[in-house]
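Reader: Could you walk me through a structure and show me how to read its features? I would like the general idea and then the case at hand.
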Amino acid sequence: LAQAVPEDPLKGFKPKRPPLVSLPGDVAGVEDRLAKVQAQIAKLEAERRMKDGSKTVSLGTSKVNYIDPRIVCAWCRDHGVPVERVFNKSLLKKFPWALEISPKFRFDRSQDTTAGTSGNVSAGAAGDEDDSGED
């Protein structure tokens, strides 16, 4: 009895190869292309590090709940940063009163109505003394 030999399943199979990249013929062209690729790699690595580093940080929550918007607006004005780069449209609508602040605004704890409720206000004016009770 002759046993039938199964046909080779890989017969006629050709693996796909990545397309060949043509490089410029001159050395300067190759160096330019290499520099562009290295810059692209550096940019992508920086983006990946930024994404990995900010996974556990909720910047929006801290801007809304923990930082007085007057301080942010004053800092932006003092350093020439558009407030729109820090606050999104909904926050700009929520804090229109903070947009009127002077660039030289300083937070004064004595005028803060929430200082007694939160227990720990960390945004003090320059020159504030330590309230920890230790000398």
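Author: Gladly, and let us begin with the cysteines. A search of the whole structure finds 0 disulfides. Do keep in mind that this is a predicted model.

Reader: What is a disulfide, in general terms?

Author: A disulfide is a covalent bond that joins the sulfur atoms of two cysteines. Here, the cysteine sulfur closest to that of Cys 73 belongs to Cys 76, at 6.4 Å, which is too far for a bond. A disulfide would need the two sulfur atoms within 2.5 Å.

Reader: Are Cys 73 and Cys 76 buried or exposed?

Author: Both are among the buried residues of α3, along with Pro 69, Val 72 and Ala 74. Cys 73 has a relative accessible area of 0%, and for Cys 76 the value is 1%.

Reader: What follows α3?

Author: Just after this helix comes Gly 80, with a positive phi of about 75°.

Reader: Let us turn to charges. How many salt bridges does the structure hold?

Author: The general idea is that side chains of opposite charge can pair when their charged atoms come close. This structure holds 3 salt bridges. Let us take them in turn, starting with Asp 52 and Arg 48, whose side chains meet at 3.8 Å, N to O.

Reader: Where do Asp 52 and Arg 48 lie?

Author: Both are in helix α1, 4 residues apart, or about one turn of the helix. An α-helix has 3.6 residues a turn, so residues three or four places apart point the same way. Asp 52 is partly exposed, at 39% relative accessible area, and Arg 48 is partly exposed too, at 48%.

Reader: Which residue forms a salt bridge with Asp 68?

Author: That is Arg 70, and the closest N and O atoms of the pair are 2.5 Å apart. The two side chains also make a polar contact at 2.5 Å. Asp 68 sits in the loop between α2 (59–65) and α3 (69–79).

Reader: Why does Asp 68 count as buried?

Author: Asp 68 counts as buried because its relative accessibility is 16%, and the cut-off for buried is under 20%.

Reader: Leaving aside neighbours within four places in sequence, which residues is Asp 68 in contact with?

Author: With those neighbours set aside, Asp 68 is in contact with Trp 97 and Phe 107.

Reader: And which residue does Lys 104 meet in a salt bridge?

Author: The side chain of Lys 104 meets that of Asp 78, at 3.0 Å, N to O. This pair links distant parts of the chain, 26 residues apart: Lys 104 is in the loop between α4 (89–94) and α5 (115–118), while Asp 78 is in helix α3. Lys 104 counts as exposed, at 59% relative accessibility, whereas Asp 78 is partly exposed, at 38%.

Reader: Now for the surface. Which residues form a nonpolar patch there?

Author: To read such a patch, look for nonpolar side chains within 5 Å of one another, in residues with over 30% relative accessible area. Here, Val 21, Leu 23 and Val 30 form one, and together they have about 260 Å² of accessible area.

Reader: Where is Leu 23 found?

Author: Leu 23 belongs to the segment before α1 (27–53). With a relative accessible area of 55%, Leu 23 is exposed.

How values were computed
Residues numbered from 1 in each chain as written. Predicted model: local features only at pLDDT ≥ 70, side-chain atom pairs only at ≥ 80, totals over all residues. Heavy atoms only, no water. Helix = DSSP H or I, 4+ residues; strand = E, 2+ residues; numbered from the N terminus. Buried < 20%, exposed > 50% of the residue type's maximum accessible area, 1.4 Å probe, protein only. Polar contact = N/O pair within 3.5 Å; in protein donor to acceptor, adjacent residues only side chain to side chain. Contact = heavy atoms within 4.5 Å. Patch = residues over 30% accessible without salt bridge, like charges linked within 9 Å, V, L, I, M, F, W, Y side chains within 5 Å. Areas by Shrake-Rupley, 256 points an atom, 1.4 Å probe, with all protein chains shown as cover. Salt bridge = Lys/Arg side-chain N within 4 Å of Asp/Glu carboxyl O.
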